Amino acid sequence: NYLDEIHEMIEEMMILNNRLIAEYFKKNNKIFIGRSHEEPELNDNYNLLKMVNNKFNEFNFNNINRILDIKNDNYLINLFLVQQIMPKARYNIDKDSHWGLDVKNYSHFTSPIRRFSDLINHYLLFNEEFSKLELLNITKIINKNEDNQQKLSYELINIKRFQNLRKNYINYENKILNGIIINVSNPRILVFIKELFISQELHVSKFSDERLNYDENKKEYNGEVNLFNGKNIKLEINKINYSSKIIDFKLYND
């Protein structure tokens, strides 16, 4: 598509601009507001990602793009796990490397009308003076505002999710949902539910009437049923509380 190609070209030019400005500041030993994205910590979510996907042995751009193909049967769980593994990018005056873009120096500069960080970097480019303490306080404020914006965005998405559930409940009533266990702790099991794209904690008692033995080292339950990371389960919606946005699930036993 012609318009898609234009948008991609503009995005690449903006990334290049942001990178060149950061390199200019660095070369001239000027303190500026960098956009830092740390290398991901490969935790239990990474181990589960490897379990779900064959031949996934390194967390790099090629492998990530391969498993995030929408045609992939595991696309949704892959997307969810990658989101959990990826650290948040932050504004920082001491760090400006960006793992996600694979660049050593990076800033935000191209949107001074809508982003305060970009405006400050424009001022700095034209030799406006800010002390290190002033820039540090600015980064704290914009990082906090960004966190609040992301929380608000998530809450709006959740509101829309429950509006959709209310409107289309007949499509979910008695429907068998596909879940995968993504974390086992005592006494709660965290399950990712594909059809709703949410993670939901379930008490271990939901899985068995008998007492199950918890292995702290392996992080799994053994007994009448075995519960471990990566296990697929079937669920049904038992009850929805729309006002508090809580879904109660029950296990589906075929």
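Asparagine 174 is exposed, with a relative accessible area of 63%. Here exposed means over 50% relative accessible area, buried means under 20%, and partly exposed is in between, using a 1.4 Å probe and protein chains only. Asparagine 174 sits in the loop between α7 and β3, and its phi is positive, about 65°, although it is not a glycine. Helices (H or I, at least four residues) and strands (E, at least two) are DSSP runs, numbered from the N terminus.

A word on what you are looking at: this is a predicted model, in which local features need pLDDT of at least 70 and side-chain atom pairs count only at pLDDT 80 or more, while totals for chains, interfaces and linings use all residues. Residues are numbered from 1 along each chain as its sequence is written, and side-chain values use heavy atoms, with hydrogens and water left out.

Let us move on to phenylalanine 197, in the loop between β4 and β5. Its phi is near 50°, a positive value in a residue other than glycine. Is phenylalanine 197 exposed or partly exposed? Phenylalanine 197 is partly exposed, with a relative accessible area of 24%. Leaving aside neighbours within four places in sequence, phenylalanine 197 is in contact (heavy atoms within 4.5 Å) with Leu76, Leu79, Phe80, Gln83, Arg161 and Phe192. Arginine 161 is 36 residues from phenylalanine 197 in sequence, and the two lie 9.6 Å apart in space, C-alpha to C-alpha.

Tyrosine 169 belongs to helix α7 (residues 169-172) and is partly exposed, with a relative accessible area of 24%. Tyrosine 169 touches Ile237, Ile240 and Tyr242, not counting residues up to four places away in sequence. Serine 185 is 16 residues from tyrosine 169 in sequence, and 31 Å separates them in space, C-alpha to C-alpha.

**Helix α4 and its cover**

Now find helix α4, residues 75-85, where Ile77, Asn78, Phe80, Leu81, Val82 and Ile85 are buried. An α-helix has 3.6 residues a turn, so residues three or four places apart point the same way. The cover over the buried residues of α4 includes α2 (44-52), α3 (61-67), β3 (177-184), β4 (188-193) and β5 (198-203).

**Strands and turns**

Two strands count as paired if DSSP finds at least two bridges between them. β3 and β8 pair in the antiparallel sense over 4 bridges, and asparagine 178 stands opposite lysine 234 in β8. β8 and β9 also run antiparallel, joined by 6 bridges. Isoleucine 240 has isoleucine 247 in β9 as its bridge partner. The hairpin of β8 and β9 has 4 residues between the strands, and lysine 245 takes a positive phi near 55° there.

Another spot to look at is the loop between β3 and β4, where proline 187 is found. A cis peptide bond, with omega about 15°, joins asparagine 186 and proline 187.

**Nonpolar cores**

A nonpolar core is a set of buried Ala, Val, Leu, Ile, Met, Phe, Trp, Tyr and Cys residues joined through side-chain atoms within 4.5 Å. Which residues have the most contacts inside the largest nonpolar core? They are Val191, Leu196, Ile247 and Phe249, in a core of 23 residues. α6, β3, β4, β5, β8 and β9 each supply at least two residues of this core, and β8 gives the largest share, 4 residues. Apart from this core lies another, of 17 residues, among them Phe59, Phe80, Ile182 and Phe192.

**Pockets**

On a 1 Å grid over the protein atoms alone, a pocket is an open set of points where a 1.4 Å probe fits, with protein on both sides within 12 Å along at least five of seven lines; lining residues have an atom within 4 Å of a point. Grid points are joined across faces, edges and corners, and a volume is the space filled by probe spheres set on the points.

| Pocket | Volume | Elements each supplying at least two lining residues |
|---|---|---|
| Largest pocket | About 660 Å³ | α4, α6 (132-167), β5 and β9 (246-251) |
| Second largest pocket | About 250 Å³ | α4, β3 and β8 (232-241) |

The largest pocket is lined by 23 residues, with Gln83, Gln84, Gln150, Tyr154 and Ile157 nearest its centre. α6 gives the most to this lining, with 9 residues.
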